[in-house]
Amino acid sequence: MTQIIDGKKISKEIKDELKEKVSALAAEGIEKCLAVIQVGADPASSVYVNNKKKACEYIGIRSLAYELPAETTEEELLELIRELNGRADVDGMIVQLPLPAQINEERVLLAIDPAKDVDGFHPMSVGNLSIGRPGFVSCTPAGIIQLLKRSGIEISGKECVVIGRSNIVGKPMGMLLLRENGTVTICHSRTKDLRQVCKRADILVVAIGKPLFIDETYVKEGAVVIDVGIHRDENNKLCGDVDFERVAPHCSAITPVPGGVGPMTIAMLMSNCVFGPQ
Ligand code: NAP
């Protein structure tokens, strides 16, 4: 029987634990605060930003919303980041991506104080993760580790294959699985014989960004499959990088889309804000 990993339920569990922690902190007079910066009004970004604000509200984190016009200059944005870096009452800040063309994304991410980098995108956070020092970890891969642990799936000693080497998913995913003592392979578009590499996996994490790319021919019987992809198919229905219908019967456990990895990202952002660098 395939275990369907319920990301909605697990993310709710985490948010409820955070809510308790935040109320305990409040009793000691400590308030947590997240600043969320959005430049321009990209509709997809607005949905993400709104969801982050709602999660803050649910947990009891104060959120500061900065909705800047699309024509904001890089210097204006950097000035706001510098101001928030210096504010003792702000625990974390995120700049919603993508940014308008006139703003250099790398310079902006570098300007965020690593001690407030709750998205875990700053090179200092990435470096800390690679050398095993405490730091903020990118939220989607951190959420996947929680999904595995809270579903009773052992990582230590397992063959873990990650498809995708992006800075926000694939690479930190590989580092986290390694931290959990998995034996890790990271695949990308130049990987030779992807199918055979994937077939070795006890745990297969798919972050390839191509709808329904992975079918049962990539999956070892009894593997755990984690689908990071999010797409809309021709009927506007959400689907992942994995062909769930074809793959699920061959797995011991699998995440659905929607309701798998997706809800974990915001839960881990909130966790980063409450607990700080881990
Ligand atoms: P990305 O930056 O586009 O990276 C895709 C990766 O897949 C690249 O490393 C690429 O290799 C590799 N790839 C592409 N085609 C391949 C092929 N035919 N064979 C092997 N590898 C191939 O994507 P991302 O930002 O990591 O996101 C991946 C997916 O996850 C997207 O669908 C995105 O929407 C979704 N996502 C979901 C969440 C969430 O909260 N659930 C968060 C972030 C992303 P190269 O490096 O060689 O080009």
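## Ligand contacts

Val228 brings in a polar backbone atom, 3.3 Å from an oxygen atom of the ligand. For His188, a backbone N or O atom lies 3.3 Å from a ligand nitrogen. The ligand on its own has 930 Å² of accessible area, and the protein covers 70% of that (Shrake-Rupley method, 1.4 Å probe).

Before going on: this is a predicted model, where local features need pLDDT of at least 70, side-chain atom pairs count only at pLDDT 80 or more, and totals for chains, interfaces and linings use all residues. Residues are numbered from 1 along each chain as its sequence is written, and side-chain values use heavy atoms, with hydrogens and water left out.

## The shell

The ligand is surrounded by 22 residues, and the closest are Arg165, Ser166, Ser189, Lys210 and Thr265 (near means a heavy atom within 4 Å). By type, the shell splits into 9 nonpolar, 10 polar and 3 charged residues; here Ala, Val, Leu, Ile, Met, Phe, Trp, Tyr, Cys and Pro are nonpolar, Asp, Glu, Lys and Arg charged, and the others, Gly among them, polar.

## Rings and charges

The count is 1 aromatic pair (Phe, Tyr or Trp rings, the six-membered one for Trp, with centres within 6.5 Å; planes under 30 degrees apart are stacked, over 60 edge-to-face, the rest tilted). Phe213 and Tyr218 have ring centres 5.9 Å apart and planes at 50°, so the pair is tilted. Phe213 is partly exposed at 33% relative accessibility, while Tyr218 is buried at 9% (buried is under 20%, exposed over 50%, partly exposed in between; 1.4 Å probe, protein chains only).

Tyr218 also has Arg195 over its face, 4.4 Å from the ring centre (NZ of Lys or CZ of Arg within 6 Å of the centre and within 35 degrees of the ring normal). Likewise, Lys19 lies over the face of Tyr58, at 4.1 Å from the ring centre.

## Cysteines

Searching the whole structure turns up 0 disulfides (a pair of cysteine sulfur atoms within 2.5 Å). For Cys239, the nearest cysteine sulfur is that of Cys251, 16 Å away. Cys239 is buried at 9% relative accessibility, and Cys251 is buried at 6%.

Conventions:
Polar contact = N/O pair within 3.5 Å; in protein donor to acceptor, adjacent residues only side chain to side chain.
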